[in-house]
Amino acid sequence: MSANVLVKTLGMSEIEWLKWRKNGIGGSDAAAIAGLNPWKSPLGVYLDKIKEIETFEDNERMRIGRDLEDYVADRFSEATGLKVRRCNSILQHPQHEFMLANIDRDIVGKREGLECKTTNSYAKGDWEGDKIPAHYEIQCHHYMAVTGYDAWWIAVLIGNEKFVYKRIDRDEDVINYLINIEKDFWENYVLKEVMPAPDGSDYSQELINGEYGMSVAGATVYIDPMDEEFKEKANRYDELKELIGKLETEKKKIAQNIQLRMGENEILQFGDRKIKWKSISQTRFDSKGFKKDHPGLYEKYTNTTSYRRFDM
């Protein structure tokens with residue numbers, strides 16, 4: 001089995017490339033659908049697929065990542081002796097057409113591919129020994145599913161101070177799992193335009209705030225009092241709210257007991273554990289006083305921002 005070529009990408013603009021990606025699920029999308037992408041949620045994938053793309057906003061981090069891809073690929077070839085080449089195509093699974101792949105490199109003469117990554121020094125521990133971040137491993141298995149390849153290499157430049165590369169062998173159980181969850185997501189959410197449930201992440205909250213940033217004053221949506229699913233969610237919310245309040249009180253009570261043991265001491269040493277209760281001085285701007293004494297300047301240098309507050 002080999003992948004089909006959906007479209008050639010050589011010379012394609014970034015915005016055109018993004019529009020073609022809307023035709024299916026890519027490698028980073030797969031990790032998000034599986035709940036393993038730390039920067040994207042299933043809700044984010046869904047909105048990417050159904051919303052129109054009008055502009056593309058580049059940034060320095062993205063530019064650096066693209067520029068360093070060649071360097072990472074060259075270092076990989078130098079370290080392994082394996083030759084690599086660009087694909088310059090968006091690939092498509094021959095049977096499951098919703099599965100797409102935009103791979104970084106092919107390994108010449110082998111049924112293997114290469115994914116090039118750059119990350120910062122704080123992620124160094126994620127790559128120690130045999131470790132590979134789960135979302136990257138899922139991404140590579142998605143590419144193996146699309147291409148039919150036997151293995152995928154991943155090479156990463158860590159904080160401009162360390163270079164590592166690792167091989168991921170094809171795992172049919174993982175690939176079958178990805179095919180099933182991606183098929184379900186594509187057919188039951190994207191094609192039917194049914195929004196998936198949010199996952200509680202900050203990313204999902206940002207997306208919801210972006211979609212529904214301003215409320216219509218007085219506008220009301222009515223839910224059937226017999227809706228058992230909504231009733232269960234509302235009751236569970238109340239239970240969690242009460243539980244969190246109790247836990248916060250318990251947490252403060254423990255902190256206060258420890259503070260009494262510390263007295264005027266700044267540090268409490270308990271075996272290997274160090275607890276600090278340190279004096280900190282802060283200088284704060286007296287906005288109320290400034291407004292009273294200089295009302296004109298206050299109005300000139302203040303901005304009004306809007307947000308929605310959730311009360312339940």
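In what order do the strands of the open sheet of five strands lie? In this predicted model, the order is E2-E5-E6-E7-E8, and the pairing is mixed. Strand E2 (84–85) and strand E8 (162–169) stand at the edges of this sheet, and each has a single partner strand, so one side of each is left without a neighbour in the sheet.

Strand E7, residues 151–158, runs antiparallel to E8, and the two are joined by eight bridges. One of the residue pairs involved is Leu157 with its bridge partner Phe163 in E8.

Two helices pack on this sheet, as the table sets out.

| Helix | Residues | Strands touched | Angle between directions |
|---|---|---|---|
| H4 | 60–80 | E2, E5 (105–107), E6 (112–119), E7 and E8 | about 125° with E6 |
| H5 | 134–147 | E6, E7 and E8 | about 145° with E7 |

A second sheet is also present. It is open, has three strands in the order E1-E3-E4, and its pairing is antiparallel. Its edges are formed by strand E1 (4–8) and strand E4 (100–101); each has a single partner strand, so one side of each is left without a neighbour in the sheet. Strand E1 is joined by four bridges to strand E3, residues 89–92, and these two strands run antiparallel. Within this pairing, Asn4 has Gln92 of E3 as its bridge partner.

The report now turns to the packing of helices. Two packed helices are described by the angle between their axes and the distance between the axes. For helix H3 (residues 42–50) and helix H6 (residues 172–190), the axes come within 11 Å and cross at roughly 60°. This angle makes H3 oblique to H6. The crossing of H3 and H6 is right-handed.

Which residues make the contact between these helices? Helix H3 contributes Pro42, Val45, Tyr46, Lys49 and Ile50, while H6 contributes Phe185, Trp186, Tyr189 and Val190. Sorted by class, the contact of H3 with H6 contains eight nonpolar residues, no polar residues and one charged residue.

Is helix H3 mostly covered or mostly uncovered? Helix H3 is mostly covered, with seven of its nine residues buried. The buried residues are Pro42, Leu43, Gly44, Val45, Tyr46, Leu47 and Lys49. They pack against helix H1 (14–21), helix H2 (27–33), H6 and helix H7 (202–211).

Terms used
Residues numbered from 1 in each chain as written. Predicted model: local features only at pLDDT ≥ 70, side-chain atom pairs only at ≥ 80, totals over all residues. Heavy atoms only, no water. Pairing = 2+ DSSP bridges. Contact = heavy atoms within 4.5 Å. Axes fitted to C-alpha atoms, helices over the stretch in contact; angles between N-to-C directions. Parallel < 35°, antiparallel > 145°, perpendicular 65-115°, else oblique. Left-handed = near helix turned anticlockwise from the far one by under 90°. Nonpolar A, V, L, I, M, F, W, Y, C, P; charged D, E, K, R; others polar. Buried < 20%, exposed > 50% of the residue type's maximum accessible area, 1.4 Å probe, protein only.
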